[in-house]
Amino acid sequence: MKFLRYPGGKSKLLYFLTDFLPKSGKIAGTYIEPFVGGGSVFLFMNPSKAIIADLNKDLTDLYKGIKLYPHKVWEIFSQFPEGKEAYYQIRGAEYKTKPLYFRAARTLYLNRTCFKGMWRNSPNGDFNVGYGGESRRWVVTQKNIIELSKAFKQAEIVNCDFDKTLSRVSNGDFVFLDPPYKPGEKEMKDKHYANGRFSFQEQIRLAHKLKSLEKIDFKWMMTNSDHPDILDLYNGYFIRKVPFGTSSNVGIFTENSKEVLISNF
Ligand SMILES: C[S@@+](CC[C@H](N)C(=O)[O-])C[C@H]1O[C@@H](n2cnc3c(N)ncnc32)[C@H](O)[C@@H]1O
């Protein structure tokens, strides 16, 4: 289902992941995704019970808005005027005090019409990506929004850090983790910074958190960078190289992925 354009989206990797992901009917507990991003894996899995979380509040509000008010979100999304001038007017106008469904429609509109589906905020938190055009806007239909709403109704949507989400894991759950990373060694060299704020310290914090849950009988699977320092963090787990990969640029597919799939099963 075409929906969000999202950096690091895993939709193109699904064909590879399907060989390793459990069938959602086989998950005894809850499907949990602490870095849900564009949601491609969650939507593919279509679990009957899920917790999906992300630190990006505009994103989780978009999902909550669609879950609760699909018709209102569509109405507003489809009525926003077209063109560059309108884009900058909508992007710049106050929205934080507006209802959830308006904020959701605005986020979807900006995502579908901004430059290359980038998601970047200025230091004061305002979305600051330039205009990209209307050609990808009407890929999303009212039918999509209604289907998405049904999928989100099966999920609790949370805006929080991964530590809090992982603290809720219990026996029988399945956790899919896609932390922000830039595939490959090159990008990691400079003080191990990947994707701006998700530093190598954050990768360490994530690995420690997963290890602290070892007594719980649950399965987890993660995509991450094929970098020796990352691999060191998961010594003793199952690690597979991903043959083809995603890029931090939306829609770009790289041949040598430099990505790995790590799991505890
Ligand atoms: C690579 S993206 C996930 C992409 C997703 N799998 C998809 O297919 O679209 C990583 C996500 O982690 C979120 N994130 C970054 N730091 C986080 C943190 N500390 N806790 C939870 N989410 C975080 C980002 O907002 C981003 O949406």
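Predicted model: local features only at pLDDT ≥ 70, side-chain atom pairs only at ≥ 80, totals over all residues.

Reader: In what order do the seven strands of the open sheet lie?

Author: The sheet is open and its pairing is mixed. Its edges are strand 3 (155-159) and strand 6 (238-242), each of which pairs on one side only. Neighbouring strands are turned against each other by 15 degrees on average, direction ignored. Read across the sheet, the order is 3-2-1-4-5-9-6.

Reader: Which residue of strand 5 is the bridge partner of Val-175?

Author: Strand 4 is joined to strand 1 (residues 31-33) by two bridges, and these strands run parallel. In that pairing, Val-175 of strand 4 is the partner of Ile-32. Strand 4 is also joined to strand 5 (residues 219-225), again in parallel, by four bridges. In strand 5, the partner of Val-175 is Trp-220.

Reader: Which residues of strand 4 point the other way from Phe-174 and Phe-176?

Author: In a regular strand, side chains alternate between the two faces of the sheet. Strand 4 covers residues 174-177, and all of them are buried. Phe-174 and Phe-176 point one way, and the residues that point the other way are Val-175 and Leu-177.

Reader: What angle does the direction of helix 10 make with that of strand 5?

Author: Helix 10 (residues 200-212) packs on the sheet, where it touches strand 4 and strand 5. The direction of helix 10 makes with that of strand 5 an angle of about 165 degrees.

Reader: Within what arc do the buried residues of helix 5 fall, seen down its axis?

Author: The buried residues of helix 5 (residues 84-92) are Ala-86, Tyr-87 and Ile-90. They line one face of the helix, because seen down its axis they fall within an arc of 105 degrees.

Reader: Which exposed residues does helix 5 carry on the face turned away from its buried side?

Author: What covers the buried residues of helix 5 includes helix 6 (100-113). The face turned away from that buried side carries the exposed residues Lys-84, Glu-85, Gln-89 and Gly-92.

Reader: Is Thr-60 buried or exposed?

Author: Thr-60 is found in helix 3 (residues 57-68). Leaving aside its neighbours within four places in sequence, Thr-60 is in contact with Asp-54, Ile-157, Val-158 and Asn-159. The cut-off for the buried class is under 20% relative accessible area. Because the relative accessibility of Thr-60 is 0%, this residue counts as buried.

Key: Residues numbered from 1 in each chain as written. Heavy atoms only, no water. Buried < 20%, exposed > 50% of the residue type's maximum accessible area, 1.4 Å probe, protein only. Pairing = 2+ DSSP bridges. Arc of directions from axis to C-beta. Contact = heavy atoms within 4.5 Å. Axes fitted to C-alpha atoms, helices over the stretch in contact; angles between N-to-C directions.
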